[in-house]
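Here is a short briefing on the model shown below. It goes topic by topic.

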Amino acid sequence: MYSAIKLFGISALLCALSFRSNAQQSDSLKSRQPVWTAELSYNLPEFYNHGFGLHAGYYPVRNSWLRFGPGIQANYFFTPYKQWFISNNKEKSLISELHLNLLANLEFVPFRKNSFFIGISPYIGYEWINNKGRVSNELNGFDLKYNYNVHLFDWGTRFKLGGYIGKKQKYGLAGHFQMSNRGIADDDPRTGFVNIGLSDYKAFVGLTFIYRIK
Amino acid sequence: MKKYIFAISLSIMALFQSCKKEDLSELGVHQKLEISSAYTGTDYTIDVFYPGSSFPDSPVPIVYVLDGFWYREMAAELGKELSSEGSIPTCLFVSIDYKKGDGVYARSKDLIYPGEGVEQEAEAPLFYQFLKEELIPQVESQFPSDTSRRTILGHSLGGLFVLYALLDNAEEPLFSKIVAASCSIGMGLNNYLFQKEAELAQNGGSLDAELYIGCGNLVGSAPIMHQEFYERLQARNYPNLNLRFELFPNTHGTDTYPSYKNGLKYVFSY
């Protein structure tokens, strides 16, 4: 938790520094910055687990170098049944995940052109994971149905590299890496800042299509 | 621009500075042993850890940790934490690693028992002989040990190994306290752990152990199969088997810690 507080603090400091030094930037550069965005993402945590995400961003604080504002995000992931061992078990299963996050989006525009930006977004959120299925084996004499639900509070960071395209810069594309950082604050010595392949400490890469509403 | 780069660098450094894993020597005393097994033909590196300022001079329980390359620090931290709060006695932890550093791959040969539908190399009976005839005698000749409370921790294939080894050696169990976490319970064409247990019960066998089984409930069908296996053991009423089962809101990668923690507390409560 300590690192997350530091991250938020440093982000806020960056914003303050930026706006003090860039107050004299021209209005025309500032006006090119998006105010409202909607994003659709394809997310890939592992090869057999993937999903989609929606994100809405609002950037009330803008100058030619930088924009900052809140965002909301909903991600859905699913993991279909995968047979790990040769087996006579008859099995169906699906692990579904829904993540709802609040983000603080900080995007740097280093060349003062929206065709390239770098984003960092700390987030907090809620995660619901459902593991549902059925497994049976005639020889062992069992036929078992299951439905497990896990609810988690989550926090982490999203990194983004992207740019707006076209003359009007109405659309954009970005690549992102998002990860839960909760592992640094829990008791488990094996979880850390980034945890690949764990749905309860999700980390994933993805591609985002951005639509600039305003 | 420079100040942005500086600030971003600071942010990234601050984020990455966190490191939770502690070195064994910071937690207590630590010694490495090397053993070449005539049974498995493998060279092992063994980490012996004791959460004190020196190794014990009177007998203590010894906890053997499979897949030491993943779990030695976790086991050591749990050993220190749980013994300092009085939940378990102060134990010696013996973590098994592979000298070549290829444990991630080499482990499966050692931990899987052969059976119908098992296609990979499966030499767990030889690994069991290594434990019984080579590792345990060497460790227990070097360190004062309470052999009546010999304990083993296994996760995933390690969990499969500790359960199968218990069923396969029920007449003369090597370990009296067993923690099996998120076991590869579906191994074998018809889940050979279930078949092995049914055979034992049909032959009038008994189990003499404190056994803890833990699993995350985000591991596909594994949690319900663990529960079914537990309920079958319970239903047999093995007179000398003390048994506990727990589910955790975790995946296969994160159910080790709560399983080992609660498992150690449970098996040492007897």
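How many of the 17 residues of α3(B) are buried? The count is 14 of the 17, so α3(B) is largely enclosed by the rest of the structure. Buried means that 20 or more other C-beta atoms lie within 10 Å of a residue's own; exposed means 12 or fewer, partly exposed is in between, and C-beta atoms are placed from the backbone. The model is predicted: local features need pLDDT of at least 70, side-chain atom pairs count only at pLDDT 80 or more, and totals for chains, interfaces and linings use all residues. Residues are numbered from 1 along each chain as its sequence is written, while chains are lettered from A and ligands numbered from 1 in the order in which they are written.

**The sheet of chain B**

- Eight strands of chain B form an open sheet with mixed pairing, in the order β1-β2-β4-β3-β5-β6-β7-β8.
- The edge strands are β1 (29-36) and β8 (241-248) of chain B, each pairing on one side only.
- Direction ignored, neighbouring strands of this sheet are turned by 15 degrees against each other on average.
- Strands (E, at least two residues) and helices (H or I, at least four) are DSSP runs, numbered from the N terminus.
- Two strands pair if DSSP finds at least two bridges between them.

**Parallel neighbours and crossovers**

- β5(B) and β6(B) run parallel, joined by five bridges. I152(B) has I178(B) in β6(B) as its bridge partner.
- β6(B) and β7(B) also run parallel, again with five bridges. Here V179(B) has Y212(B) in β7(B) as its partner.
- β7(B) and β8(B) are parallel and share eight bridges. E210(B) is partnered by N242(B) in β8(B).
- β5(B), α6(B) and β6(B) make a right-handed β-α-β unit. So do β6(B), α7(B) and β7(B).
- Right-handed means that, with the strands pointing away from the viewer, the path from the first strand over the helix to the second runs clockwise.
- Five of the five residues of β6(B) are buried, so β6(B) is largely enclosed by the rest of the structure.
- K177(B), V179(B) and A181(B) point one way from β6(B), and I178(B) and A180(B) point the other way.

**Helices of chain B**

- Helix α3 (residues 68-84) of chain B reaches 22 Å from its first C-alpha to its last, close to the 24 Å expected at 1.5 Å a residue. The expected span is 1.5 Å times one less than the number of residues.
- α3(B) packs on the sheet, touching β2 (43-50), β3 (62-65), β4 (92-98) and β5 of chain B. Its direction makes about 170 degrees with that of β4(B).
- Such angles run from 0 to 180 degrees between N-to-C directions; axes are lines fitted to C-alpha atoms, for helices over the stretch in contact.
- G86(B) follows α3(B) and has a positive phi, near 80 degrees.
- In helix α6 (residues 157-168) of chain B, 11 of the 12 residues are buried, so α6(B) is largely enclosed by the rest of the structure. Among them are L160(B), F161(B) and V162(B).
- The buried residues of α6(B) pack against α4 (103-111), α5 (124-142), β5 (151-155), β6 (177-181), α7 (192-202) and β7 (209-216) of chain B.
- Helix α8 (residues 222-236) of chain B lies across β7 and β8 of chain B, at about 160 degrees to β8(B).

**Nonpolar cores**

- The largest nonpolar core has 80 residues, and V65(B), A75(B) and L160(B) have the most contacts inside it.
- α6(B) supplies the largest share of this core, nine residues.
- A second, separate core of nine residues includes Y59(A), L66(A), F68(A) and I120(A).
- A nonpolar core is a set of buried Ala, Val, Leu, Ile, Met, Phe, Trp, Tyr and Cys residues joined through C-beta atoms within 7 Å.

**Chain A**

- Chain A has two helices and nine strands. Of its 214 residues, 38% count as buried.
- G172(A) is found in strand β8 (residues 171-180) of chain A. With 21 C-beta neighbours inside 10 Å, G172(A) counts as buried.
- Beyond its neighbours within four places in sequence, G172(A) is in contact with residues including G162(A), Y164(A) and R212(A). Contact means C-beta atoms, placed from the backbone, within 7 Å.
- The C-alpha atoms of G172(A) and G162(A) are separated by 7.2 Å.

Technical notes
Contact = placed C-beta atoms within 7 Å.
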